[in-house]
Amino acid sequence: MKNNMNSTGVFYQNLGKLFYAVAAIDGTVEHIEIETLKQIVTVEWRTEKEALVIMDMFDWLHKDQEYDANTCFKSFLNYMASHKALFTASRKALILKTARTIAHSFSKHNKSELILLAQLNLALK
């Protein structure tokens with residue numbers, strides 16, 4: 001059971017990386033993007049623990065600023081390629097919904113966000 005819990009935690013950590021990439025792809029993470037992420041993961045994701053893992057990773061990346069958005073996005077794509085079974089149709093839809101909501105929260109999508117969302121959409125198909 002512990003391995004299952006650990007792999008579940010890693011899944012949600014990788015979502016934190018993805019959502020950070022969406023918020024940071026334009027070079028800055030706006031407060032409204034952070035608040036939007038907090039709201040959507042609290043409401044839409046299954047449990048408070050999952051939301052907490054996503055937010056912890058996002059917050060760590062934002063505070064640390066050692067990793068850029070492209071690095072985080074590539075890391076997420078690598079994880080997804082290695083763990084395809086975890087990405088059910090409903091999870092894929094929720095991932096896209098969350099990413100789009102974050103991107104839309106500040107600038108109603110800029111070019112860099114649109115490109116990243118298009119890449120994410122293709123990767124999830």
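Modeller: A charge sits over a ring if NZ of Lys or CZ of Arg is within 6 Å of the ring centre and within 35 degrees of the ring normal. Keep that in mind. This is a predicted model.

Biologist: Which ring has Arg-91 over its face, and at what distance from the ring centre?

Modeller: The ring of Phe-11, at 4.3 Å from its centre. The distance cut-off is 6 Å. So 4.3 Å passes the distance test.

Biologist: How many aromatic pairs does the structure hold?

Modeller: Nine. Take Phe-11 with Tyr-12: the ring centres are 4.9 Å apart and the planes stand at 90°.

Biologist: What makes the pair of Phe-11 and Tyr-12 edge-to-face?

Modeller: Ring centres must lie within 6.5 Å to pair, and planes over 60 degrees apart count as edge-to-face. The centres are 4.9 Å apart, and the planes are at 90°, so the pair is edge-to-face. Phe-11 and Tyr-12 are both buried.

Biologist: Why is the pair of Phe-11 and Tyr-79 called tilted?

Modeller: Stacked needs planes under 30 degrees apart, edge-to-face needs over 60, and the rest are tilted. Here the planes are at 50°, so the pair is tilted, with centres 6.5 Å apart.

Biologist: Which parts does the pair of Phe-11 and Tyr-79 tie together?

Modeller: Phe-11 lies in helix H1 and Tyr-79 in helix H4, so the pair ties parts that are 68 residues apart in sequence. Both residues are buried.

Biologist: Which residues do ring pairs link into a cluster?

Modeller: Phe-11, Tyr-12, Phe-19, Trp-45, Phe-76, Tyr-79 and Phe-87.

Biologist: What makes Asn-14 count as buried?

Modeller: Buried means under 20% relative accessible area. Asn-14 has 6%, so it counts as buried. Asn-14 is in helix H1, residues 2-24. Leaving aside residues up to four places away in sequence, Asn-14 touches Ser-75, Phe-76 and Tyr-79.

Biologist: Why are H4 and H6 called roughly parallel to each other?

Modeller: Two packed helices are described by the angle between their axes and the distance between the axes. The axes of H4 (residues 69-82) and H6 (residues 111-124) come within 11 Å and cross at roughly 5°. Angles under 35 degrees count as roughly parallel. H4 and H6 are therefore roughly parallel.

Biologist: Which residues make the contact of H4 and H6?

Modeller: From H4, Phe-73, Phe-76, Leu-77 and Met-80. From H6, Leu-116, Gln-119, Leu-120, Ala-123 and Leu-124. By class, the contact has eight nonpolar residues, one polar and no charged.

Biologist: What is the phi of Gln-65, which is not a glycine?

Modeller: Positive, about 55°. Gln-65 lies in the loop between helix H3 (48-64) and H4.

Biologist: How do you know that Gln-65 is exposed?

Modeller: Exposed means over 50%. Gln-65 has a relative accessible area of 57%, so it is exposed.

Biologist: Why does Arg-100 count as partly exposed?

Modeller: Arg-100 has 40%, so it counts as partly exposed. Arg-100 is in helix H5, residues 89-107. Its C-alpha is 8.8 Å from that of Glu-113, 13 residues apart along the chain.

Notes:
Residues numbered from 1 in each chain as written. Predicted model: local features only at pLDDT ≥ 70, side-chain atom pairs only at ≥ 80, totals over all residues. Heavy atoms only, no water. Axes fitted to C-alpha atoms, helices over the stretch in contact; angles between N-to-C directions. Helix = DSSP H or I, 4+ residues; strand = E, 2+ residues; numbered from the N terminus. Parallel < 35°, antiparallel > 145°, perpendicular 65-115°, else oblique. Contact = heavy atoms within 4.5 Å. Nonpolar A, V, L, I, M, F, W, Y, C, P; charged D, E, K, R; others polar. Buried < 20%, exposed > 50% of the residue type's maximum accessible area, 1.4 Å probe, protein only. Phe/Tyr/Trp six-rings, centres within 6.5 Å; stacked < 30°, edge-to-face > 60°.
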